[in-house]
Amino acid sequence: MWETSSHQWKGAETMTVQKEDVVIGFVGTGVMGKSMASHLMKAGYRVLVYNRTKAKAEELIAQGATWMDRVSDLAAAARVIITMVGYPKDVEEIYLGTDGIVHHAKPGAYLIDMTTSKPSLARTIYEEAKKRSLFALDAPVSGGDVGAREARLTIMVGGDEDAYAAVEPILRVMGTNVIRQGGPGAGQHTKMCNQIAIATNMIGVCEAIAYAKKAGLDPSRVLQSIEAGAAGSWSLSNLAPRMIAGNFAPGFYVKHFIKDMTIALEAAKEMGLMTPGLELSKSLYEELAAQGEENSGTQALIKWFDKEFAASV
């Protein structure tokens with residue numbers, strides 16, 4: 001059984017999660033979710049899975065995950081429910097729809113949305129969950145497919161401190177940099193900061209690689225020099241090599257990055273903040289998507305800067 005803590009909230013109690021008794025429901029087994037759920041199983045947790053396309057969950061099922069036909073069934077059977085889906089509209093439906101998690105989870109369950117979504121929606125889910133004695137956390141991640149595969153994600157959490165403390169061991173199975181940033185919505189706001197920083201950095205990475213080629217240099221050797229200095233960044237070290245190799249497979253989809261930038265721009269506008277770098281990056285990615293690259297990885301932006309380079313690698 002779960003061990004009850006001394007913290008209470010509107011009739012519900014936060015609990016210390018005991019691994020051997022906890023059932024985790026995982027919704028969304030795509031590029032990142034598949035690896036995240038796999039780590040939980042390897043750590044000894046029992047995992048139930050649901051995905052709109054069952055084929056994307058087959059690998060997890062083969063590893064021992066239990067398939068659930070409906071989100072409502074998964075919600076009713078799990079005490080910790082994690083979601084990793086695509087868009088805010090998906091999050092809203094999965095949590096607040098008639099057949100959604102909030103309406104079917106048992107009192108005292110922990111709801112952890114790890115999708116990058118709207119801070120305002122995270123607050124709404126928190127309030128609706130609270131009415132039903134559920135504990136909701138927004139916990140978006142950064143680190144891409146590599147971070148998910150190697151369990152080295154950065155996880156940014158918003159929600160009540162007691163609820164965070166109860167599920168922190170679960171989050172640390174999937175990530176190495178796990179920080180509670182504040183109340184509901186704080187995790188999503190922090191992820192917007194992350195995406196804003198990445199957006200303009202990606203422009204710089206692409207321009208540097210394109211410049212190196214135009215100057216007659218070997219872009220791979222240039223990368224060896226500049227990634228170790230002040231220009232160093234995760235995108236430079238992890239995505240520039242993919243650009244150079246002509247590998248545009250998605251670790252993180254162009255279409256999802258556009259979604260994130262749209263959320264960030266809307267939130268910035270609400271706060272009266274100007275973000276010209278973010279606006280430029282979004283416009284470039286929208287042009288890239290219009291050229292048929294919406295399902296490519298974000299490193300495909302190099303094609304906008306140097307089509308000859310992209311075609312030749």
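Glu293 is buried, at a relative accessible area of 13% (buried is under 20%, exposed over 50% and partly exposed in between, with a 1.4 Å probe and protein chains only). The model is predicted, so local features need pLDDT of at least 70 and side-chain atom pairs count only at pLDDT 80 or more, while totals for chains, interfaces and linings use all residues. Residues are numbered from 1 along each chain as its sequence is written, and side-chain values use heavy atoms, with hydrogens and water left out.

**Stop 1: Glu293.** Select Glu293 in helix H14 (residues 276–293). Helices (H or I, at least four residues) and strands (E, at least two) are DSSP runs, numbered from the N terminus. Apart from neighbours within four places in sequence, Glu293 is in contact (heavy atoms within 4.5 Å) with Val254, Leu288, Ala300 and Lys303.

**Stop 2: Arg52 and Asp90.** The whole structure holds 13 salt bridges (a side-chain nitrogen of Lys or Arg within 4 Å of a carboxyl oxygen of Asp or Glu). Select Arg52 and Asp90, whose side chains form one at 3.7 Å, N to O. Arg52 is in the loop between strand E4 (46–50) and helix H2 (58–63) and Asp90 is in helix H4 (residues 88–96), so the pair ties together parts that are 38 residues apart in sequence. Arg52 is exposed at 69% relative accessible area, whereas Asp90 is buried at 7%.

**Stop 3: Arg242 and Asp145.** Here the closest N and O atoms of the salt bridge are 3.3 Å apart. Arg242 belongs to helix H12 (residues 240–245) and Asp145 to helix H7 (residues 144–149), so this pair ties together parts that are 97 residues apart in sequence. Arg242 is buried, with a relative accessible area of 14%, and Asp145 is buried, with 13%.

**Stop 4: helix H9.** Select residues 186–214: helix H9 has 29 residues and spans 43 Å from its first C-alpha to its last, close to the 42 Å expected at 1.5 Å a residue. The expected span is 1.5 Å times one less than the number of residues. After H9 comes Gly216, with a positive phi near 80°.
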